Amino acid sequence: MRYKVTFVVGLALGYVLGTRAGRERYEQMKKSVRGFVQNPAVRNAAETAGHSGRAFAGKAFTVVGDKVGGAVPESLSVRVRVLRGRGGAGSEDEWGTSNT
């Protein structure tokens with residue numbers, strides 16, 4: 001799935017950069033993308049995927065932590081704990097980006 005998304009994004013970027021249709025077509029495509037990204041169904045799917053990813057990362061960290069004991073660096077432990085504790089909509093992560 002990741003490769004398909006990467007391919008589509010690359011294709012779109014190549015079209016935008018390589019098109020000779022001009023600014024009008026660029027603005028039209030930008031408006032379409034913005035409408036797609038702001039669609040509530042898309043936003044909900046992205047949020048669900050983010051929550052699932054954080055849950056999976058927490059479980060994986062627990063399994064790895066159990067197997068390697070205290071060899072997991074403290075900085076990684078803190079970051080995973082922060083990700084586990086998060087869950088409120090609209091909260092910002094430590095890079096200043098919103099999770100919604």
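Modeller: A residue counts as buried when its relative accessible area is under 20%, as exposed when that area is over 50%, and as partly exposed in between. Please keep in mind that this is a predicted model.

Biologist: With that in hand, how many buried residues does α1 have?

Modeller: The count is zero among the 17 residues of α1, so by that cut-off the helix is hardly covered.

Biologist: And what does α1 reach from its first C-alpha to its last?

Modeller: Helix α1, residues 2-18, reaches 24 Å, which is close to the 24 Å expected at 1.5 Å a residue.

Biologist: Let us step back to the whole chain. How many helices and strands are there?

Modeller: The chain has four helices and zero strands. From the N terminus on, the order of elements is α-α-α-α.

Biologist: What share of the chain is buried?

Modeller: Buried residues are 11% of the 100 residues in the chain. The chain exposes about 8100 Å², and carbon and sulfur atoms supply 62% of that area.

Biologist: Turning to pockets, how much space lies in the largest pocket?

Modeller: The largest pocket holds about 410 Å³. The elements that give two or more residues to its lining are α1 and α2, the latter spanning 23-37.

Biologist: Which element gives the most to that lining?

Modeller: That is α2, with seven residues. The lining has 13 residues in total, and Val8, Val9, Ala12, Leu13 and Val33 lie nearest the centre of the pocket.

Biologist: You named Ala12. Where is Ala12 placed, and why is it classed as partly exposed?

Modeller: Ala12 is in helix α1. Its relative accessible area is 42%, and Ala12 is therefore partly exposed, as this value falls between the 20% and 50% cut-offs.

Biologist: How far is Ala12 from Met29?

Modeller: The two are 17 residues apart in sequence, and their C-alpha atoms are 9.5 Å apart in space.

Definitions and conventions: Residues are numbered from 1 along each chain as its sequence is written. This is a predicted model: local features need pLDDT of at least 70, side-chain atom pairs count only at pLDDT 80 or more; totals for chains, interfaces and linings use all residues. Side-chain values use heavy atoms; hydrogens and water are left out. The expected span of a helix is 1.5 Å times one less than its number of residues. Buried means under 20% relative accessible area, exposed over 50%, partly exposed in between (1.4 Å probe, protein chains only). On a 1 Å grid over the protein atoms alone, a cavity is a set of points where a 1.4 Å probe fits but cannot get out, and a pocket is an open set with protein on both sides within 12 Å along at least five of seven lines; lining residues have an atom within 4 Å of a point. Grid points are joined across faces, edges and corners, and a volume is the space filled by probe spheres set on the points. Accessible areas come from the Shrake-Rupley method with a 1.4 Å probe; for residues, only the protein chains shown count as cover.
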